[in-house]
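These are my notebook entries on what I looked up in this structure, kept in the order in which I worked.

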Amino acid sequence: MSKVTSDDLGTQPISKLLVKQAVPASIGILVMSLNILVDTIFVGNWIGSIAIAAINVVLPVSFFIAALGMSIGVGGSSIISRALGAKNKEKALQTFGNQLSLTITFTVVLAVLGLYFVDTMIPAFGGKGDIFGPAKIYYIIVLYGVPFLALCMMGNTVIRAEGKPKFAMYAMLIPSIGNLILDYVFINLMDWGMAGAAWATTGSYLLCFLFIVWYFKSNHSELKLSFHHLFLKKDIVKEIGSLGFVTLARQAVVSITYLFMNNILFNLGGELSVTAYAIVGRMLMFALFPVFGITQGFLPIAGYNYGASEYARVRESINTAIKYAIILASIIFVLLMVFPDYITRLFTDDEEVLKETPSAMRWVFAATPIIAIQLIGAAYFQAIGKAIPALLLTLTRQGFFFIPLILILPIFLGERGVWISFPISDVLSTIVTAYFLNKEVRKHLIGQPIQSN
């Protein structure tokens, strides 16, 4: 795969450029997702099915803090992509420095608060009954490493904004592979149980952080910071905040969703239903990796060309990304509809869990082929710096539709109402996003003929 520089984002054919950006992103997400998947399989088989539920309780807390780093990264990287497209390198550097200062400050403070309120947070997110003990062990150790994860997620988006998708991929591969090795050593060989799973996860975050530091100090990065770039500038912080809030709000809603889901399912079916959701949740992270990869690959292309006023290329990037993502999502849909029983058996041999999970998985992924439109449509507004529509479209799926549905439908349909809420919210949010994306394209991007490859 040939090297991609920031200048190439504005000159190479869109279809080839999207492949060059999306393939490394997809591979990175695949390995990261496999890491989460295999980690769950290891925990389920070496510790027990209750440990799967325990990790699922901790994830929304740790991921929300880490997502603060990603939100700062995504918000700033949108600015960096457009600044590089407009040949304003100093603004790109100032933005990167402000990203670094904000990420360190906020994530360290939140991690400390999270540790202080540990006994309140775990039950609130469904860590009740037999789940509480192992969840607390995992929670405390993982939160030590969360600031490193936040810095990695922030740095990864900046690497991608520079047009260096292969290095962004490496930043995801290293901790994923490291975590699996450490899982084997700490859980299987040293028999540390939940503490071993947690230390393996925290160790993997540190490995990623070390790689990110190496990258930005190497000649591969165009962004060489000076000390003055770390001082916060009001206008840049405001723009990072407005755009990054989209990602943070999305993760906040995800965390709230976990809170509702774990508590609702615990009340409806106890630890069994929480475990089933944990398995389905891992598949949500894993199965859609090529769609998420295309979305990540699309962001810098759209942002750079919008900054360079190449609106025909922006329009082409939207059409191409949606087309590729729908094809891949349809393939994923077929596999999940046909093989849910086999997939569930990878995680556990608990007959009760095996009985409940496949049906839930089919419902959850029932609208998968169309979700690409919602993901890429919301990402487009973020890429071009339009924070309000990006925020609203990002929240439609889980915030405006899914959470109300899981609060209402189970009253009439019981546990099945929870699972049916997934495809209904996917369909409704896709319709809304498609409407506003089409309106935006017609208003601002249909002024030039689409460039032929």
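Before turning to the pocket, I note the terms: on a 1 Å grid over the protein atoms alone, a pocket is an open set of points with protein on both sides within 12 Å along at least five of seven lines, a cavity is a set of points where a 1.4 Å probe fits but cannot get out, and lining residues have an atom within 4 Å of a point. Grid points are joined across faces, edges and corners, and a volume is the space filled by probe spheres set on the points.

The model is predicted, with local features needing pLDDT of at least 70 and side-chain atom pairs counting only at pLDDT 80 or more, while totals for chains, interfaces and linings use all residues. Residues are numbered from 1 along each chain as its sequence is written, and side-chain values use heavy atoms, with hydrogens and water left out.

Entry on the largest pocket. I looked up its volume, which is about 310 Å³. Of the 13 residues that line the largest pocket, Phe96, Leu100, Val213, Phe216 and Leu225 are the closest to its centre. Helices here are DSSP runs (H or I, at least four residues), numbered from the N terminus. I find that α3 (89-116), α5 (132-161) and α7 each give at least two residues to this lining, and that α7 gives the largest share, five residues.

Entry on cavities. The search of the whole structure returned two cavities of 30 Å³ or more.

Entry on helix α12. I compared its length with expectation, where the expected span is 1.5 Å times one less than the number of residues: the 14 residues of α12 (residues 351-364) should span 20 Å, and the end C-alpha atoms are 21 Å apart, which agrees. I also recorded a kink of about 30° at threonine 357, shortly before proline 358, the bend being the angle between axes fitted to the seven residues ending at a residue and the seven starting there. Buried means under 20% relative accessible area, exposed over 50%, and partly exposed in between (1.4 Å probe, protein chains only). Among the buried residues of α12 are Thr357, Pro358 and Val364, and the buried residues of this helix pack against α8 (234-287), α10 (311-338), α11 (340-347) and α15, contact meaning heavy atoms within 4.5 Å.

Entry on glutamate 440. This residue sits in helix α15 (residues 415-445) and counts as buried because its relative accessible area is 9%. Leaving out residues up to four places away in sequence, I list its contacts as Tyr380, Phe381, Ile384, Lys386 and Leu445.

Entry on positive phi. Which values did I find for phi of aspartate 191 and of serine 309, residues other than glycine? Aspartate 191 has phi near 55°, lies in the loop between α6 and α7 (193-217), and is exposed at 63% relative accessibility. Serine 309 has phi near 60°, lies in the loop between α9 (289-307) and α10, and is partly exposed at 40%.

Entry on cysteines. My search for disulfides, pairs of cysteine sulfur atoms within 2.5 Å, found zero in the whole structure. Cysteine 152 is buried, with a relative accessible area of 4%, and cysteine 208 is buried at 7%.
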